[in-house]
Amino acid sequence: MTKQPAHIVVAGGGYVGLYTAHRLQRRLRRELGRGTVRITVISPEPYMTYQPFLPEAAAGSISPRHVVVPLRRVLAKCRFVPGVVTAVDTEGHSVSVRTVAGEEAGGEPLRIAYDELVLAPGSISRTLPVPGLAEHGIGFKTVEEAIGLRNHVLEQLDIASSTRDSAVRSAALTFVFVGGGYAGVEALAELEDMGRYACRYYHNIRPEEQKWMLVEATDRILPEVGEEMGRYAQRELRGRNIDIRLGTRLESCEDRTAVLSDGSRHPARTLVWTAGVKPHPVLAACGVPLDDRGRVRCTTTLRVEGVEHVWSAGDAAAVPDLTAPPADPPALCAPNAQHAVRQARRLADNIAAAVRGRPAADYRHRNAGSVASLGLHKGVARIYGRRLKGFPAWLLHRAYHLSRVPTFNRKARVLAEWTLAGLFKREIVSLGSLEHPRAEFELAAGSRRHPEDT
């Protein structure tokens with residue numbers, strides 16, 4: 001009998017999914033060429049979003065299509081299945097996949113057998129039961145949300161410039177961001193830069209009329225860059241007239257009014273929620289052990305505890321941090337992009353070793369540091385113990401992420417856009433109609449009357 005090729009299934013097309021499959025293509029190129037191994041990637045979207053570039057995409061420094069990496073092109077030696085993993089049978093070694101075609105036909109989920117499975121569904125926004133948040137909040141985790149936010153901010157400037165109602169104008173020019181981590185600070189800083197620049201094209205709006213606010217429940221922002229650099233970032237943002245509320249929570253945002261725990265009320269037509277992430281809820285249906293935060297329990301080799309032939313990494317995984325001081329319970333790797341990319345490399349190497357009958361190695365990392373952008377030509381960084389701020393930190397931020405974005409093609413396109421953005425003025429155009437492209441046609445079609453009705 002002909003031996004069936006070993007089937008590696010990667011469930012997820014984010015950081016871990018893309019980087020793992022991409023590295024497996026190289027590590028197992030001989031096996032793929034001989035047909036003894038095949039790789040399948042399952043993802044609801046045909047692209048991976050490089051999230052560190054979302055703030056710059058929102059500010060217009062990078063085109064949205066260059067923030068995403070097409071999976072079919074990069075993973076040319078893998079089979080791509082557009083769909084969502086809904087369940088995993090760890091005993092029968094198969095996954096259930098809900099596809100768009102299956103939903104439209106009303107059929108059963110697609111079942112795909114595996115020999116080795118990578119669980120990498122990533123994370124979703126962590127929300128709280130804040131009244132009005134679901135109705136008025138804007139997330140900042142996908143490229144669609146980033147571009148939608150850009151359009152929304154520019155539309156608020158249009159509203160403010162065209163109304164005589166002082167209350168409407170004030171609410172349109174008030175922008176509230178909740179969450180003082182990377183996503184919140186970088187998005188706020190980039191968009192404030194853009195909003196201030198855009199005022200030169202609005203004859204009746206002054207930059208100081210805009211009110212930008214950052215609400216953070218803890219006593220500091222950007223904890224990843226260290227306390228000293230966090231304080232510098234705080235001073236830098238406040239120097240730009242950005243209102244930073246530390247130790248403060250959002251209590252409500254009903255009726256487009258942000259009510260904070262310090263008792264203040266702020267009518268605002270823009271509320272951006274960036275207060276953390278949580279593991280994808282599909283993990284609960286995967287038959288794998290989870291910790292108290294809903295992450296998959298993993299060993300130091302990135303295998304799922306107690307489950308054969310299943311692996312995980314990234315935001316969805318609770319991986320012991322071997323570089324941290326001994327503790328009870330053991331310290332876990334933080335759910336950030338730096339760990340996700342590094343874990344994906346080790347994960348791919350370990351799966352390749354398992355396919356070839358070799359032992360797996362532990363995931364161990366050396367913390368290189370952190371970088372954060374505070375808008376155009378401004379930033380903070382802590383690299384190998386050295387602290388940088390201002391233009392050098394901003395330049396390092398760009399250089400670091402340019403080196404990490406996958407494929408030479410994508411690097412060249414991003415670098416070209418940065419170069420052109422430095423030579424020409426910003427584009428300040430709102431394309432909000434892109435979010436509802438059929439609205440005008442539906443209105444036109446609905447307004448027509450049949451000749452017999454006249």
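Arg240 is buried, at 14% relative accessibility. Its side chain forms a salt bridge with Glu236, with the closest N and O atoms 3.9 Å apart. The model is a predicted one. It holds 19 salt bridges and eight aromatic pairs. Its largest nonpolar core has 112 residues.

**Salt bridges**

- Arg240 and Glu236 belong to a network of salt bridges that also links Glu192, Asp193, Arg196 and Lys378.
- Asp349 forms a salt bridge with Arg23, and the closest N and O atoms are 2.9 Å apart.
- Asp349 lies in helix 11 (residues 337–355) and Arg23 in helix 1 (residues 15–27), so this pair ties together parts that are 326 residues apart in sequence.
- Both Asp349 and Arg23 are buried.
- Arg295 and Asp291 also meet through their side chains in a salt bridge, at 3.4 Å from N to O.
- Arg295 counts as buried, because its relative accessibility is 7%, under the 20% cut-off.
- Asp291 is buried as well, with a relative accessible area of 11%.
- Side chains of opposite charge can pair when their charged atoms come close.

**A buried charge without a partner**

- Glu116 is buried but has no salt bridge.
- The nearest side chain of opposite charge is Arg303, 5.1 Å away.
- Why does Arg303 not count as a salt-bridge partner of Glu116? The distance is 5.1 Å, whereas a salt bridge needs a side-chain nitrogen within 4 Å of a carboxyl oxygen.
- Glu116 is found in strand 9 (residues 116–119).
- Leaving out residues up to four places away in sequence, Glu116 touches His7, Ile8, Val9, His309, Trp311, Ile351 and Ala354.

**Nonpolar cores**

- Within the largest core, the residues with the most contacts are Val95, Leu117, Phe177 and Val380.
- Apart from this core lies another, of 14 residues; Leu133, Val178, Met213 and Ala258 are among them.
- Val380 touches residues that include Leu222, Val225, Met229, Tyr232 and Ala233.
- Other contacts of Val380 include Val371, Leu374, Leu388, Lys389 and Ala393.
- In soluble globular proteins, nonpolar side chains tend to be buried together.

**Aromatic rings**

- Phe391 and Trp394 form a tilted aromatic pair, 5.4 Å centre to centre with 35° between the planes.
- These two residues are three apart in helix 12 (residues 391–404), which means that about one helical turn separates them.
- How accessible is Phe391? Phe391 counts as partly exposed, at 42% relative accessibility.
- Trp394 is buried, with a relative accessible area of 6%.
- Elsewhere, ring pairs link Tyr15, Tyr19, Tyr50, Phe53 and Trp418 into a cluster.

- Five strands form an open sheet with parallel pairing, in the order 11-18-12-13-14.
- Which strands lie at the edges? Strand 11 (137–138) and strand 14 (243–246) do, and each pairs on one side only.
- Strand 12 (residues 174–178) pairs with strand 13 (residues 211–216) in the parallel sense, over five bridges.
- Phe177 stands opposite Leu214 in strand 13.
- Phe177 is also one of the residues with the most contacts inside the largest nonpolar core.

**Loop residues**

- Arg269 sits in the loop between strand 17 (265–267) and strand 18 (270–273).
- Arg269 is partly exposed, with a relative accessible area of 24%.
- Leaving out residues up to four places away in sequence, Arg269 touches His152, Gln156, Ile159, Val168, Ala171, Ala172, Thr174 and Arg256.
- The C-alpha atoms of Arg269 and Ala327 are separated by 46 Å, and the two residues are 58 residues apart along the chain.
- Arg256 is found in the loop between strand 15 (250–252) and strand 16 (257–260).
- Arg256 has a positive phi of about 55° although it is not a glycine.
- Arg256 is partly exposed, at a relative accessible area of 35%.
- His309 has its place in the loop between strand 20 (296–297) and strand 21 (310–312).
- His309, not a glycine, has a positive phi of about 65°.
- His309 is partly exposed, with a relative accessible area of 28%.
- His309 is also one of the contacts of Glu116.

Key
Residues numbered from 1 in each chain as written. Predicted model: local features only at pLDDT ≥ 70, side-chain atom pairs only at ≥ 80, totals over all residues. Heavy atoms only, no water. Helix = DSSP H or I, 4+ residues; strand = E, 2+ residues; numbered from the N terminus. Buried < 20%, exposed > 50% of the residue type's maximum accessible area, 1.4 Å probe, protein only. Lys, Arg positive; Asp, Glu negative; His and termini not counted. Contact = heavy atoms within 4.5 Å. Phe/Tyr/Trp six-rings, centres within 6.5 Å; stacked < 30°, edge-to-face > 60°. Core = buried A, V, L, I, M, F, W, Y, C linked by side-chain atoms within 4.5 Å. Pairing = 2+ DSSP bridges.
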